[in-house]
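Hi,

Here is the structure I promised to pass on. Please open it alongside this note; what I found follows below.

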Amino acid sequence: MRGIKEICQSVSSSELFIGIPNVEIEEMICRARTLEFASGDVIHASDDAITQVMLLMDGRIKRSQFSESGQEVVLRLGVPGETISVPTSLPRSKHSSTVVALHHCKVLAWESASFNAMLERFPGLQKNVELIVKSRLVELTQRFCEVSTKATSPRLASSLLHLVDRIGKTVDGHIEIRVSQEILGQMTGMTLNSVWRLLSIWKGQGIVKLRRGIVEIHSIPHLLSCAALVYTSTQNARLRNEVVASGAKIVCINKKGLEGPSS
């Protein structure tokens, strides 16, 4: 394991440790072990027993569920600083989804019993876990509402905006999202052909450009228009506020990487 202080510094801003003193974080890290997974490895499968709590330090993961016919639905793309699994005090609990490493991943892992003991000792950790569980539920509820009520175009646009906030990178004046069209379809309940058709239309309109495994966003305002959302700009024309549709919060766009062209 890397030096405790080095790991502490790298994970102190993660969702699990927000607001927790470094001395407590160090003690928690001392109880963890590091695990590594190659791209394509199954970190845990649906119906596996929940035996560990894991925090992603490097890499990216995909959380999915499968229908009886084998159709995959992507629930979430996890990035460094996020928990891969959450603790449970219920005996013989099982995972409800499958998590696969999309890239080489490094994680901190705690045995469930050890983590539950830390929850009792550290109120800040308990609070953060509750917030994580609540935020995941809110996100899934919003996703369900979008799939159930929105047409394909605003549904895909909303998902891209969500990914811009989470994994978007500013490159040469535009924003790049490293995600395949197949995963976009699995996230939005759309066929691969429907995703390709809409992205091709938006490409012709100058909203996006497409590369293998990458979607370039070249006009956030036009993508917002496709999503049929109301947005507010700052004085610097940066889109940083909550995007609202029908009075409901759909996606929160922060200042990270949202300085693309306004054309």
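Strand E5 is mostly covered: six of its seven residues are buried. Bear in mind that this is a predicted model.

E5 belongs to an open sheet of four strands. The order is E2-E6-E4-E5, with antiparallel pairing. E2 (42-44) and E5 (72-78) are the edge strands; each has a single partner strand, so one side of each lacks a neighbour in the sheet. On average, neighbouring strands are turned by 30 degrees against each other, direction ignored. Helix H6 (residues 181-188) packs on this sheet and touches E4 (61-66) and E5. The direction of H6 makes about 105 degrees with that of E5.

Now the pairings. E4 and E5 are antiparallel over six bridges. Phenylalanine 66 has glutamate 72 in E5 as its bridge partner. The E4 and E5 hairpin has five residues between the strands, and glycine 70 there takes a positive phi near 95 degrees. E2 and E6 (residues 98-101) pair over two bridges, also in the antiparallel sense. Histidine 44 has valine 99 in E6 as its bridge partner.

Next, helix H2 (residues 22-30). Ile25, Met28 and Ile29 are buried. They span an arc of only 100 degrees around the axis, so they sit on the same side of H2. Val23 and Cys30, on the other side, are exposed. The cover over the buried residues of H2 includes helix H1 (4-11), strand E7 (105-111), helix H3 (112-121) and helix H4 (123-149).

Then the charges. The count is eleven salt bridges.

- Arginine 136 and glutamate 15 meet at 2.6 Å, N to O. Arginine 136 is in H4, glutamate 15 in the loop between H1 and H2, 121 residues apart. Arginine 136 is buried, at 18% relative accessible area. Glutamate 15 is buried too, at 18%.
- Arginine 121 and glutamate 27 meet at 2.2 Å, N to O. This pair links H3 and H2, 94 residues apart. Arginine 121 is partly exposed at 47%. Glutamate 27 is partly exposed at 29%.
- Glutamate 72 and lysine 62 meet at 3.1 Å, N to O. This pair links E5 and E4, ten residues apart. Glutamate 72 is buried at 16%, and lysine 62 is buried at 13%.

There is also a salt-bridge network, which links Arg76, Glu82, Glu139 and Arg166.

Best regards

Methods. Residues numbered from 1 in each chain as written. Predicted model: local features only at pLDDT ≥ 70, side-chain atom pairs only at ≥ 80, totals over all residues. Heavy atoms only, no water. Pairing = 2+ DSSP bridges. Axes fitted to C-alpha atoms, helices over the stretch in contact; angles between N-to-C directions. Contact = heavy atoms within 4.5 Å. Buried < 20%, exposed > 50% of the residue type's maximum accessible area, 1.4 Å probe, protein only. Arc of directions from axis to C-beta. Salt bridge = Lys/Arg side-chain N within 4 Å of Asp/Glu carboxyl O.
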